[in-house]
Amino acid sequence: MDHSVLREDMVDGLEHSLDQFDEAVDLAMRNVPRHEFVTDSPYQNKPTAHRKTNTTILAPTTVARLLTALAAEPEDDVLVVGAGVGYTAAVLAEIVGDAHVHAVDITRSLVYEARTNLQRAGYDAVLVDCRDGADGLPEYGPYDRILVEASAVRPPRRLRSQLAADGRLVMPKGTTDQTLVAVEGGEVVETFGPLQFKPLLVDGEQTGGIVRNRTKREDPEYEGRGWHAGSGWEQEWIDWGGHN
């Protein structure tokens, strides 16, 4: 069957299944050729394993929920933390314009994959860089919208500092029990129900990277210094000076 027909059927299904589905996101998902980013059943509403990069590609319904919560508008400057294979960035490019979309990923192979897919699909101006997601991409800030495709207990401080004064950050908040939230002015202003994502990685935890074994080394050292914090403290604390 023709890809465009499958794409229309996919989005029609999302319209019927989602309580909230922004019209701009609806139209954008009808235009983006998902098959350029996902080779295995691209228009089925399910997460897909990407074998080459050992990652999971978000299901269309998850992308729709994230971008509906983000509420991006034309010409908004947007940062996507967790580029993945580039599909979410492409949908955003349809909404705000590809030169207004910036994406980072801590895994270099995913950065290359996203760049290749976006170029092939016609979104050449989307910028994708290899960065620690918690650091964001300050060179191109401030951003009107920041989307974090990974969970954390709270939005990393460096990402919050890259938001415009009236900006909006969307992320899955929590550890085991996660909720999709929108943050404005440092406060949660809207919630969008449960959603489960992997935690935001720090340098050394990415696929193919050097494993620093945070659990066995960093946690005891952190506790030994007399500080007590929940999951997510590593985004603020990592400092190996004098600890080698």
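## Two helices in contact

Helix H3 covers residues 60–70, and helix H4 covers residues 87–96. The two pack at an angle of about 45°, and their axes lie 11 Å apart. That angle makes H3 oblique to H4. The crossing of the pair is right-handed. These values come from a predicted model.

Which residues make the contact? From H3 come Val63, Leu67 and Leu70. From H4 come Tyr87, Thr88, Val91 and Leu92. By class, six of the residues in this contact are nonpolar and one is polar. None is charged.

## Helix H4 and its end

H4 is mostly covered. Of its 10 residues, nine are buried. Among them are Tyr87, Thr88, Val91 and Leu92, which also belong to the contact with H3. Ala89, Ala90, Ala93, Ile95 and Val96 are buried too.

Just after H4 comes Gly97. Its phi is positive, at about 100°.

## The protein as a whole

The secondary structure comes to eight helices and nine strands. The protein has 244 residues, and 47% of them count as buried. It exposes about 11900 Å². Carbon and sulfur atoms supply 47% of that area.

How much of the contact pattern links residues 24 or more positions apart? Among contacts with a separation of 6 or more, such pairs account for 54%.

## Backbone features in the loops

Ser41 sits in the loop between helix H2 (23–31) and strand S1 (48–50). Its relative accessible area is 23%, so Ser41 is partly exposed.

Glu75 lies in the loop between H3 and strand S3 (78–81). Is Glu75 buried or exposed? Its relative accessibility is 59%, so Glu75 counts as exposed.

## A cis peptide bond

The peptide bond from Gly141 to Pro142 is cis. Its omega is near 0°. Where is Pro142 found? Pro142 belongs to the loop between strand S5 (127–130) and strand S6 (143–148).

Technical notes. Residues are numbered from 1 along each chain as its sequence is written. This is a predicted model: local features need pLDDT of at least 70, side-chain atom pairs count only at pLDDT 80 or more; totals for chains, interfaces and linings use all residues. Side-chain values use heavy atoms; hydrogens and water are left out. Axes are lines fitted to C-alpha atoms, for helices over the stretch in contact, and angles run from 0 to 180 degrees between N-to-C directions. Helices (H or I, at least four residues) and strands (E, at least two) are DSSP runs, numbered from the N terminus. Angles under 35 degrees count as roughly parallel, over 145 as roughly antiparallel, 65 to 115 as roughly perpendicular and the rest as oblique. A crossing is left-handed if the near helix is turned anticlockwise from the far one by less than a right angle, and right-handed if clockwise. Contact means heavy atoms within 4.5 Å. Ala, Val, Leu, Ile, Met, Phe, Trp, Tyr, Cys and Pro count as nonpolar, Asp, Glu, Lys and Arg as charged, and the others, Gly among them, as polar. Buried means under 20% relative accessible area, exposed over 50%, partly exposed in between (1.4 Å probe, protein chains only). Accessible areas come from the Shrake-Rupley method with a 1.4 Å probe; for residues, only the protein chains shown count as cover.
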